[in-house]
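Hi everyone, thanks for coming. Let me put the structure up on the screen, and then we can walk through it together.

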Amino acid sequence: MSEETPRPEFSDAGLLRLAAAVRDTGYRFVTPTPATIARVNARPGAEWARGLRDVFGWSRPFRPGLVPAEIEALMREAGVLAAHPGGGRSLVRISSLGNALFLHSAYPTIAADAVFFGPDTYRFASAILAHRPEGAVCRAVDIGCGAGPGAVLVAQLHPGAEVWGADISPAALRLTRANAALAGVRVQAVESNLLGGIDGAFDLIVANPPYLVDPGARIYRHGGGPLGAGLSLAILATALERLAPGGTLLLYTGAAVVNGSDPFHDAAKARLAGAEASWTYREIDPDVFGEELEADAYAEADRIAAVLLTVTKGRQNA
């Protein structure tokens, strides 16, 4: 979505019908970084879409007649067809994750309420898939669920579990509901800040929060604090209060490394000191969003790493 384009109220049922129709064409698209999308879309001949992957993946405008009439009608029904000089464009993207498809915001994600999906999502999903809980997962929540990939994946892995998707963004929750329905799983998508208004303990808490310093404080991007770790630390504190005995937090986030040190790791370690919990911390990717190092907030940073903090309540590290 662009900030210049009016953002209509999306129809959940319309979104579901649209995504299902696109899925039925055999559509697949793995979403890369915004920098990669910009580079690919800048190539000669990429100004206009030539197929559905260009429309719903690369977010390119399309000329009349390119999109099948049924799908164009569903785009109108869902409120995601925007005018473009000489044609139209989609206000949503559709991305593959495993065998599932997920709706999320179109490129460029510059609007304050944009819902992001990209390489971080794939790494987050891999962390969830790799997790082997010691006990049954009866109740789980994805804090800051965005388009819902974490919550949907947890619901698929733990059939019968009560799974919540919590976010402060109504736009994100609308997409979560549509994506859960598309995947055929039940997710309770609720507006909540750090589990506010949601009662009870959880066997599994997953989170992929924003972790950058964004001057515009956009919801999907801004993590708070001097280096973007504020929300991640708040999620850790919330999880320590709301995990059931034996329950686990999987927190996939980013950490700015400054002069060889990791302030987020140090802050998390201090928060976990004395807690009845065991934990591990590892870098998944040592260098992500390198372009951010040009910003003033990262003037002293060496790099930004993608990290996974795993905390299990009820045990302590040896």
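**A strand and its partners**

Let's start at one spot: Val206 sits opposite Leu250, a residue of strand β9. Strands and helices here are DSSP runs, numbered from the N terminus, with at least two residues (E) for a strand and at least four (H or I) for a helix. β8 and β9 are joined by five bridges and pair in the parallel sense; DSSP has to find at least two bridges before we say that two strands pair. To get from β8 to β9 the chain passes through helix α8, residues 230–242, in a right-handed β-α-β crossover. Right-handed means that, with the strands pointing away from the viewer, the path from the first strand over the helix to the second runs clockwise.

β8 has another partner, too: strand β5, residues 139–143, runs parallel to it and is joined to it by four bridges. There, Ile143 stands opposite Ala207 of β8.

So is β8 buried or exposed? Five of its six residues are buried, so the rest of the structure largely encloses it. Buried is under 20% relative accessible area, exposed is over 50%, and partly exposed is in between, using a 1.4 Å probe and protein chains only.

Before I go on, a word on what you are looking at. This is a predicted model, where local features need pLDDT of at least 70, side-chain atom pairs count only at pLDDT 80 or more, and totals for chains, interfaces and linings use all residues. Residues are numbered from 1 along each chain as its sequence is written, and side-chain values use heavy atoms, leaving out hydrogens and water. pLDDT is the predictor's confidence in each residue, from 0 to 100. The chain's mean is 93, and 95% of its residues reach 70 or more. Residues 1–6, though, stay under 50.

Now to the cores. A nonpolar core is a set of buried Ala, Val, Leu, Ile, Met, Phe, Trp, Tyr and Cys residues joined through side-chain atoms within 4.5 Å. The largest one has 37 residues, and Val206 is among the members touching the most others, along with Val187, Leu204 and Tyr298. Elements that each supply at least two of its residues include β8, β9 and helix α5. A separate core of 36 residues includes Val55, Phe56, Met75 and Val92.

Which residues does Tyr298 contact, leaving aside neighbours within four places in sequence? Among them are Tyr211, Leu227, Ala256 and Ile304, where contact means heavy atoms within 4.5 Å.

Last stop: salt bridges. There are nine in the structure, each a side-chain nitrogen of Lys or Arg within 4 Å of a carboxyl oxygen of Asp or Glu. Arg17 and Glu77 form one, with their closest N and O atoms 2.0 Å apart. Arg17 is partly exposed at 42% relative accessible area, and Glu77 is partly exposed at 36%.

Glu162 lies in strand β6, so the pair ties together parts 23 residues apart in sequence. Arg139 is buried, at 17%, whereas Glu162 is partly exposed, at 30%.

Finally, Asp120, Arg123 and Asp285 are linked in a salt-bridge network. Asp120 is buried, at 7%. Thanks, everyone!
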